[in-house]
Amino acid sequence: MPLFDRDDGWKSGLPPVRCRRVRLQRALGIPLPGGGRLLADRHYPAGGERAPLVLMRTPYGRRGCGWIARVIARRGYQVLVVSVSGTAGSSGRFRGWLLEGAEPGAVMDWLRTRPWFPGVMATWGASFLGYTQWQMGAEPIAEWRAALIQDAPPEVYGTFLYRGGAFALGDWLRWAQQVGACCGTRSDPSLLRGVAALLPALLRGRRAYDHLPVAEADRVLAGRAIGFFREWVGHRRPSGLWEAMDHTANAERLPPTVHLAGGWQDPFLPGVVSGYAALRAGEHG
């Protein structure tokens, strides 16, 4: 157990541990309306089968998020970690920031049938896990009471992929290679595998970033074509594909309590600020 997860929370500011024993259900299947399924892991405190629920949706693998799920569960919460489409065994195709629109509804329909669902929930997550929360606001969700969104924008074109009009190659070619290497598979990657996915960027990164045309730099770095990377590079104007990745209008349907956090040096900060502005414009609490 990490040092910051001691009973007193140590110096991390965490609340005290309420339950030392955490139970785990792996690879729960969530049916999708068009066929196929998402896979989810449920972490919950022993004796707390209907404890308050925290939902996390991720492309980074459920095992990779397991440590934070356990930290939360030891403080008295259930945590459901769901792999988005095309990652870690979930059906479908992973298209980067273009999320499958049916996912939030499918997850909620399934949750409502679970005997352990307490009837209300919160969502939590940083970066991509925060972006999935913005997507959930496409439709009202009565059971959704709080969203904790860290370092995540509601849209991706203007705030980081093409901020200032130029494609952020150094950040997003590397991200595309790493996510594809460690998560775009039928298996749930371990944390070690995620670390190993960093190696190609260290070994071949400079050559890939210098490669022309840019649309083929993925083959230099990853040794293969990465479909969603080529979609990004092939759509240079803020329309069409990018509109499907803009969830700014969902601000009005986020839950009553929304907490946004960002860092001064984080590339997502402009998106966090624009998300805050959208919430304020809708007079969100």
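These notebook entries record what I looked up in one predicted model.

**Ground rules**

I number residues from 1 along each chain as its sequence is written.

**Entry 1: overall content**

I counted ten helices and seven strands in the chain. Helices (H or I, at least four residues) and strands (E, at least two) are DSSP runs, numbered from the N terminus. Of the 285 residues, 49% count as buried; the term buried stands for under 20% relative accessible area, exposed for over 50%, and partly exposed for what lies in between, with a 1.4 Å probe and protein chains only. I then looked at contacts, meaning heavy atoms within 4.5 Å. Among contacts with a separation of 6 or more, 68% come from residues 24 or more positions apart.

**Entry 2: the sheet**

In what order do the seven strands stand in the sheet? I read S1-S2-S4-S3-S5-S6-S7, in an open sheet with mixed pairing. Two strands pair if DSSP finds at least two bridges between them. The edges are strand S1 (22-31) and strand S7 (257-261); each has a single partner strand, so one side of each is left without a neighbour in the sheet. Neighbouring strands are turned by 20 degrees against each other on average, direction ignored. For such angles, axes are lines fitted to C-alpha atoms, for helices over the stretch in contact, and values run from 0 to 180 degrees between N-to-C directions.

I followed the pairing strand by strand. S1 and strand S2 (residues 37-45) are antiparallel over eight bridges, and Leu 24 stands opposite His 43 in S2. S2 also pairs with S4, in the antiparallel sense over four bridges; here Arg 42 has Leu 80 in S4 as its bridge partner. S3 and S4 are parallel over six bridges, with Leu 53 partnered by Gln 78 in S4. From S3 the chain crosses through H1 to S4, and this β-α-β crossover is right-handed, that is, clockwise from the first strand over the helix to the second when the strands point away from the viewer.

Helix H1 (residues 66-73) lies across S1, S2, S3, strand S4 (78-83) and strand S5 (121-126), at about 40 degrees to S2. H1 is mostly covered, with six of its eight residues buried: Gly 66, Ile 68, Ala 69, Val 71, Ile 72 and Ala 73. Their cover includes S1, S2, S3, S4 and S5.

**Entry 3: Thr 58**

Is Thr 58 buried or exposed? Thr 58 lies in strand S3 (residues 53-58) and is buried, with a relative accessible area of 0%. A polar atom of its side chain lies 2.9 Å from the backbone nitrogen of Tyr 60. Not counting residues up to four places away in sequence, Thr 58 touches Cys 65, Val 81, Val 82, Ser 83, Val 84, Thr 87 and Leu 129.

**Entry 4: Asp 218**

I found Asp 218 in helix H8 (residues 217-222). Asp 218 is buried, at 0% relative accessibility. Beyond four places in sequence, the residues touched by Asp 218 include Leu 173, Arg 224, Phe 229 and Arg 230.

**Entry 5: nonpolar cores**

A nonpolar core is a set of buried Ala, Val, Leu, Ile, Met, Phe, Trp, Tyr and Cys residues joined through side-chain atoms within 4.5 Å. In the largest core, of 32 residues, Trp 97, Leu 161, Phe 167, Trp 172, Trp 175, Phe 229 and Trp 232 touch the most other members. H3, helix H4 (157-161), helix H5 (169-182), H8 and helix H9 (227-234) each supply at least two residues of this core, and H5 gives the most, with six. Apart from this core lies another, of 29 residues, among them Leu 38, Ala 106, Phe 117 and Trp 134.

How values were computed
Predicted model: local features only at pLDDT ≥ 70, side-chain atom pairs only at ≥ 80, totals over all residues. Heavy atoms only, no water. Polar contact = N/O pair within 3.5 Å; in protein donor to acceptor, adjacent residues only side chain to side chain.
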